[in-house]
Amino acid sequence: MSHDSHSHGDHKPHALPIPILVGTWLALMALTGLTVWVADQHLGKIDFVISMAIATVKATLVALIFMHLLWDKGFHSILVVGGVLLLGLFMAVTMFDREHYQDSMDQYAVDHQLNRRYPVIEHTDEGHGGGEEHAPAPEGEAPAGH
Amino acid sequence: MSEGHHDAPFLAHHFESHEHQFNAGKLGIWLFLFTEILFFSGLFVAYAVYRSSNPEMFLGASKFLDTKMGAINTCVLLLSSLTAAWAVRCAQLGNRKGLILNLAITLACACGFMVIKYFEYTHKFHLGIYPGKWYEASPDHPLHLQTFFSIYYVMTGLHGIHVLAGMGVFTWLLRRAIRGDFGPEYYGPIDFSALYWHIVDVIWIFLFPLLYLIR
């Protein structure tokens with residue numbers, strides 16, 4: 001363990017100063033406002049990247065300051081980074097796999113006529129606009145051959 | 001605690017010092033938080049798979065969520081994170097009144113978060129958007145709305161269970177703080193619970209844009 005400080009009074013905790021605590025919180029609130037504002041600017045596809053970047057900055061602020069990682073043992077940071085890397089690996093491998101099956105998913109949608117407006121037919125008993133369109137299409141109408 | 005150190009009632013007998021005990025606890029909570037990241041990662045991957053397969057469905061379904069409610073809940077959790085971190089500071093400095101106040105605010109924010117979540121959930125139920133197989137389709141709903149909301153309910157539900165657990169933990173801490181258990185020597189439970197609370201906050205920081213801010 002650390003040093004030879006066996007007497008109980010020697011352990012001096014590192015208390016975060018109030019300006020740092022409140023400043024971090026204000027930054028987090030400002031970033032929350034920013035992400036809501038950006039979402040309403042209709043930036044298109046880049047929107048997702050921006051909102052995730054802001055969320056990552058916020059999470060990093062919480063981890064480094066509120067969770068004390070900046071002043072803490074390196075091993076605790078390794079655990080966090082390791083967890084995030086494993087999440088990334090999990091995400092990447094799964095998404096590669098999903099991309100690979102895109103064609104068969106598209107074909108499945110065609111074969112099973114997944115373009116119906118109400119895929120769950122059992123629960124639509126209110127009878128909006130007649131029942132025929134809710135019924136599953138007969139097998140013979142499937143456009144693609146079997 | 002009869003077998004503990006006589007001059008330190010909360011120092012377990014198998015630890016040499018408070019610092020020794022604190023470091024062991026800290027390692028334990030960080031290992032737990034590591035598993036929490038992995039625990040939630042499965043849900044984030046499920047989200048990614050379904051969103052990449054059905055981008056329009058997520059776009060349409062997200063409009064059924066109230067951004068204002070989500071943003072308020074984000075602020076409520078951020079405030080509770082501040083007070084949780086402040087509670088640690090108070091415990092480290094031996095400020096018992098400040099500790100009690102900060103723990104109470106954290107607990108109140110957790111309750112407030114769940115109250116807002118309750119109103120959001122009941123509003124969805126009112127529209128027939130129940131979880132999973134109980135979903136009731138309506139002509140006002142976009143295609144495959146229930147797929148988005150199944151993910152929504154599981155992610156926010158699991159997060160909500162974490163908030164409920166946190167409320168239990170902070171109630172326990174508040175009781176002990178009022179009793180005067182904590183001080184500069186012994187504040188491990190405050191520190192570890194605050195770390196747990198921060199990770200719950202971090203997960204919400206990602207859930208908010210992923211669910212509410214799809215444009």
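In what order do the elements of chain A run from the N terminus on? I looked this up first, and the answer is α-α-α-α.

**Ground rules.** I am working with a predicted model, where local features need pLDDT of at least 70, side-chain atom pairs count only at pLDDT 80 or more, and totals for chains, interfaces and linings use all residues. Residues are numbered from 1 along each chain as its sequence is written, while chains are lettered from A and ligands numbered from 1 in the order in which they are written.

**Chain A.** I counted four helices and zero strands. Both are DSSP runs numbered from the N terminus: helices are H or I with at least four residues, strands are E with at least two. I then checked burial. A residue is buried if 20 or more other C-beta atoms lie within 10 Å of its own, exposed if 12 or fewer, and partly exposed in between, with C-beta atoms placed from the backbone. Of the 146 residues of chain A, 17% count as buried. In helix 4 (residues 102-111), zero of the 10 residues are buried, so this helix lies largely in the open. A:Gln113 follows helix 4 and has a positive phi, near 50°.

I also looked at contacts, which need C-beta atoms, placed from the backbone, within 7 Å. Among contacts in chain A with a separation of 6 or more, 42% join residues 24 or more positions apart.

**Between the chains.** Chain B gives 48 residues to the contact and chain A gives 47. On the side of chain B that touches chain A, helix 1, helix 3 (67-93) and helix 6 each supply at least two residues. Helix 1 of chain B has the largest share, 15 residues. By class, I noted 28 nonpolar, 13 polar and seven charged residues on that side. Here Ala, Val, Leu, Ile, Met, Phe, Trp, Tyr, Cys and Pro count as nonpolar, Asp, Glu, Lys and Arg as charged, and the others, Gly among them, as polar.

Helix 3 (residues 74-100) of chain A packs with helix 1 (residues 18-53) of chain B at about 20°, their axes 9 Å apart. Axes are lines fitted to C-alpha atoms, for helices over the stretch in contact, and angles run from 0 to 180 degrees between N-to-C directions. The two helices are therefore roughly parallel. Angles under 35 degrees count as roughly parallel, over 145 as roughly antiparallel, 65 to 115 as roughly perpendicular and the rest as oblique. The crossing is right-handed; in that case the near helix is turned clockwise from the far one by less than a right angle, and anticlockwise in a left-handed one. Residues of this contact include A:Phe90 and A:Arg98 on one helix, and B:Trp30 and B:Phe44 on the other.

**A pair inside chain B.** Helix 5 (residues 145-179) and helix 6 (residues 188-212) of chain B come within 10 Å, axis to axis, and cross at roughly 155°. They are therefore roughly antiparallel. Their crossing is left-handed. Among the residues that meet are B:His159 of helix 5 and B:Trp204 of helix 6.

**One loop residue.** Where is B:Tyr130 placed? I found B:Tyr130 in the loop between helix 4 (96-126) and helix 5 of chain B. B:Tyr130 is partly exposed, with 16 other C-beta atoms within 10 Å. Leaving aside neighbours within four places in sequence, B:Tyr130 contacts B:Phe125, B:Tyr135 and B:Glu136.

Technical notes: Contact = placed C-beta atoms within 7 Å.
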